[in-house]
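Dear colleague,

I am handing over a structure that may be new to you. Please have it open while you read the notes that follow.

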Amino acid sequence: MTDAHQAATTSDHSDNPRRHFLVEAGCWIVGSVVGLFGLASGLVVFFDPLLRKHKVPELYQQDESGAGEGYIRVATLDAIPDDGVPRRFPVIADLIDAWNFTPQQPVGAVYLRREKGEQKVTVFHATCPHAGCSVSYSADHHAYHCPCHNSAFGLNGEKVNRPGKENPSPRPLDELDVDKERLAAKGEIWVKFVNYYTGIHEQKQKI
């Protein structure tokens, strides 16, 4: 074997590892790019519902013109006798999240009260501010009572003390806003239904 041939053979052998490394590195880079592209596409599809504005399907859309944001139709004025006695009504609303739409589900309850000859309606959340139990109205005592921890509230929602029992509620009943324009124009009671944290003095809305 000549020196030149031997040198060429040695050079070919020394280049092989380098060639293999470059090929493997190229394959790894191409594979990574393809994999990242697939991952990015999957993430876009997964997070797309979160980025879109949640809308009520057209089949379930109702005329809410004139109602402020967050207001829910609870009842009509005719459904509330003007005898000053609170009436309990369920709050029914559509539940919408990033992936699901569930129409007409109970989300809570309120008490509606109307005085003699008045068009005004007072609305209280049916949840006790102490520990989140549901209050009931006692016609005998003309007051709201919580069955869990003896909290009691007058017709105006303020705390009242029952004989021999301490009222543990940190605040009065939570009063909710009514859409006065809809009430005056159509006799419909639209309530801005909000849930508040219980067990604290501050009326702080849940997020």
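Helices (H or I, at least four residues) and strands (E, at least two) are taken as DSSP runs and numbered from the N terminus. The model is a predicted one, in which local features need pLDDT of at least 70 and side-chain atom pairs count only at pLDDT 80 or more, while totals for chains, interfaces and linings use all residues. Residues are numbered from 1 along each chain as its sequence is written, and side-chain values use heavy atoms, with hydrogens and water left out.

I begin with D179. This residue sits in the loop between strand 7 and helix 2 (180-186). D179 is buried (under 20% relative accessible area, where exposed is over 50% and partly exposed in between, with a 1.4 Å probe and protein chains only). The side chain of D179 does reach the backbone nitrogen of E181, at 3.2 Å.

Next, the cysteines. The structure holds 1 disulfide, a term used for a pair of cysteine sulfur atoms within 2.5 Å. C133 and C148 form this link, with their sulfur atoms 2.1 Å apart. C133 lies in the loop between strand 4 (122-125) and strand 5 (136-138), and C148 in the loop between strand 6 (143-145) and strand 7 (152-153), so the pair ties together parts that are 15 residues apart in sequence. The link is left-handed, with -105° about the S-S bond. C133 is buried at 17% relative accessibility, whereas C148 is partly exposed at 38%.

Which cysteine sulfur is closest to that of C128? It is the sulfur of C146, at 3.9 Å, which is too far for a bond. C146 is accordingly in no disulfide. C128 is buried, with a relative accessible area of 0%, and C146 is buried at 3%.

Finally, two strands. Strand 1 (residues 71-76) and strand 8 pair in the antiparallel sense over 5 bridges; two strands pair if DSSP finds at least two bridges between them. I72 has V191, in strand 8, as its bridge partner. Strand 8 (residues 188-192) is mostly covered, with 4 of its 5 residues buried.

Yours sincerely

How values were computed: Lys, Arg positive; Asp, Glu negative; His and termini not counted. Salt bridge = Lys/Arg side-chain N within 4 Å of Asp/Glu carboxyl O. Polar contact = N/O pair within 3.5 Å; in protein donor to acceptor, adjacent residues only side chain to side chain.
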